[in-house]
Amino acid sequence: MKQYLDRRWCAISVVLAILAGLSIPFNTWSYAQFFSLMTQPRVNVRTVWLTVALIAGVTILFAVIDYGYQRALNRNVALFTQHVREYLLTSDFIETDQSNVSARLSYLTNDLDMIENNDLRQVFTMIRAVVTVVFTLALAIHNNFGLTLIFIAFASVTPFTPKLLARRTKQRAQNWSSRVGRYMTFMSDVLRNAATVRHYAALGLFLQKGRGIIHASVTAKRRRDNTVAASNLVAAVVAYVCMYVPIGFGVVMVIQGRLTVASFVTVQYASNWIINSFLTIAQSRSQMNATQPMLTQLVQFKPLPDTSPQSDWPAAGDDAFATLQLTQVVFSYPDDPHQPVLRGVDLRVKRGDKVLLTGPSGVGKSTLIHILMGTLPPTSGTVSFRSAAGQDVQPTPEMFGEVRQESNIFNDTLRFNLTLGRSFSDQQITSALRQAGLLAYTQEHGVDTLITENGDNLSGGERKRIELARAFLYQRQFLVVDEGTASLDPQTADEIQRILLASPATVVEIDHHLSAALRRKFDAHYELNQGKLTLMTEGNE
Ligand SMILES: Nc1ncnc2c1ncn2[C@@H]1O[C@H](COP(=O)(O)OP(=O)(O)OP(=O)(O)O)[C@@H](O)[C@H]1O
């Protein structure tokens with residue numbers, strides 16, 4: 001967590017938490033001063049007002065410190081939030097499947113919020129409470145050690161009294177809730193079937209039945225309320241006993257001359273604060289413990305490489321791959337290790353090839369695509385990309401462009417959707433738009449037209465064309481198309497397919513809906529079945 005914190009603001013918050021923690025000991029000491037003045041035989045009025053002014057002044061100063069402490073804490077939380085969110089944006093937190101998106105969004109709101117409030121803030125709350133305990137306790141002990149012990153012993157009983165009758169209260173509440181549930185079921189029956197009850201002249205019978213149910217729920221509520229009242233009574237009796245018994249000890253000590261009134265007031269006042277601060281520390285600790293799983297999750301998100309906005313991207317150059325070779329690739333998912341999805345797949349794809357992959361649903365086509373992109377490692381066998389010079393080329397995400405059934409469109413301008421914020425010349429953009437068949441659209445709307453969320457103001461075909469134009473602009477060497485045109489009407493799907501086939505990129509495509517004419521335009525068509533690839537046709541027209 002340290003890496004998300006701002007050291008300077010943390011240090012400022014710690015200092016201010018320590019200073020703010022001194023306000024209660026000072027407050028306690030002030031009360032003692034007033035009682036001390038009252039019980040002194042001869043005090044002049046000027047001294048009283050001077051003391052009042054001094055104490056009021058310091059109290060205001062503490063209020064200002066408290067304000068500063070809150071502001072510093074808010075600043076700390078804001079910086080932490082900024083840093084964590086920036087980090088998550090560039091970590092594998094963003095690499096999740098569609099089904100997990102709402103869970104991730106909920107992590108960004110609820111879980112991070114818990115970390116901010118129940119962990120980060122609590123650290124400083126604890127520092128402040130510890131300072132309060134140490135100084136208030138020292139002050140109380142300095143006044144009278146024995147009486148301090150008596151007060152603290154009694155005061156510590158009070159917070160636990162609600163627990164005495166908690167079990168009984170809970171049982172009564174559960175009983176009431178189950179009786180209410182029974183009454184609701186009964187009433188819902190009556191309301192839904194009122195006509196039937198009337199047709200069969202059964203209202204009187206229902207009243208008989210309902211009387212018992214209503215009585216049971218009303219009685220259960222009465223009993224619950226009585227138990228709450230009894231619990232409050234016990235708590236009040238314990239609280240009064242715990243308050244007055246130590247006061248009794250104090251009064252006796254004052255009468256016997258073993259203690260001044262001022263010391264008595266100090267000890268009494270201080271002990272309440274000590275117990276309160278102990279409770280604050282315990283509460284903060286339990287809140288911090290509850291946040292532990294969210295913090296553990298935060299630590300598990302690993303940074304993604306290459307997140308610098310200035311970094312270049314590998315365009316198809318000399319180091320571009322010339323061949324992709326899969327040799328005897330076997331793959332099983334970890335939760336089903338004895339049922340390999342791929343059982344020895346061999347595949348060779350040359351740069352610029354257009355390869356079509358078909359096969360029954362669930363046979364492993366998408367899995368194979370993940371393996372060749374390097375996002376899933378094969379269980380055995382090899383996947384190698386080689387350059388024209390025969391050198392190994394390490395596949396990186398920047399080598400690939402993906403086109404799936406759902407389009408990846410951003411809520412920004414058309415220009416941003418193509419460039420993703422990187423600078424390209426107008427000429428490069430126009431060329432990519434032309435290649436993807438988007439020139440007419442751009443001439444009508446302009447390159448800075450706003451695309452709404454999920455590309456809702458575009459047709460399915462336009463969304464696909466934008467994805468393709470993006471891939472062309474970035475000169476992706478390898479396009480992976482997984483049912484990319486499945487949701488389009490046949491004519492639009494056909495147009496998109498022709499753009500893909502005409503592109504210089506290597507294309508590996510999964511599609512079931514292609515016409516025989518289009519299928520023949522691919523360099524190779526493989527069928528995946530029972531974990532093996534079979535070459536169906538080779539060589540395009
Ligand atoms: N993450 C996963 N964990 C475990 N099993 C998986 C996982 N993803 C897919 N599978 C299983 O692996 C098999 C192949 O799935 P895959 O998605 O690769 O098939 P597909 O041929 O692309 O299917 P479709 O044509 O229906 O999209 C299926 O039986 C599927 O249930």
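Tutor: Start with a working rule for this predicted model. A residue is near a molecule if its C-beta atom, placed from the backbone, lies within 6 Å of it.

Student: Which residues surround the ligand?

Tutor: Apply that 6 Å cut-off. One part of the shell runs from Ser 361 through Gly 362, Val 363, Gly 364, Lys 365 and Ser 366 to Thr 367. The shell also holds Tyr 333, Asp 335, Val 341 and Gly 359.

Student: How many residues of the ligand shell are charged?

Tutor: Sort the shell by class. Three residues are nonpolar and six are polar. The charged residues number two.

Student: What are the bounds of domain 2?

Tutor: The domain assignment gives domain 1 in two pieces, 1-144 and 282-304. Domain 2 covers 321-538.

Student: What is the distance between the end C-alpha atoms of residues 48-69?

Tutor: UniProt, in an unreviewed entry, lists 48-69 as a "transmembrane region", along with 123-141, 147-166 and 230-255. Residues 123-141 are 100% helix, with ends 27 Å apart. Residues 48-69 are also 100% helix, and their end C-alpha atoms lie at a distance of 31 Å.

Student: Are H5 and H8 roughly parallel or antiparallel to each other?

Tutor: H5 spans residues 145-155 and H8 spans residues 203-255. Their axes come within 8 Å and cross at roughly 170°. Angles over 145 degrees count as roughly antiparallel. So H5 and H8 are roughly antiparallel.

Student: How many nonpolar residues does the contact of H5 with H8 have?

Tutor: H5 brings Leu 147, Ile 150, Phe 151, Phe 154 and Ala 155. H8 brings Cys 242, Val 245, Pro 246, Phe 249, Gly 250 and Met 253. One residue is polar and none is charged, which leaves the nonpolar count at ten.

Student: At what angle do H2 and H3 pack?

Tutor: H2 is residues 23-39 and H3 is residues 45-89. Their axes are 11 Å apart. H2 is roughly antiparallel to H3, with an angle of about 170°.

Notes:
Residues are numbered from 1 along each chain as its sequence is written. This is a predicted model: local features need pLDDT of at least 70, side-chain atom pairs count only at pLDDT 80 or more; totals for chains, interfaces and linings use all residues. Ala, Val, Leu, Ile, Met, Phe, Trp, Tyr, Cys and Pro count as nonpolar, Asp, Glu, Lys and Arg as charged, and the others, Gly among them, as polar. Domain bounds come from an automatic or database domain assignment. UniProt positions are given in the numbering used here, feature names are shortened, and annotations may be inferred rather than shown by experiment. Helices (H or I, at least four residues) and strands (E, at least two) are DSSP runs, numbered from the N terminus. Axes are lines fitted to C-alpha atoms, for helices over the stretch in contact, and angles run from 0 to 180 degrees between N-to-C directions. Angles under 35 degrees count as roughly parallel, over 145 as roughly antiparallel, 65 to 115 as roughly perpendicular and the rest as oblique. Two residues are in contact if their C-beta atoms, placed from the backbone, lie within 7 Å.
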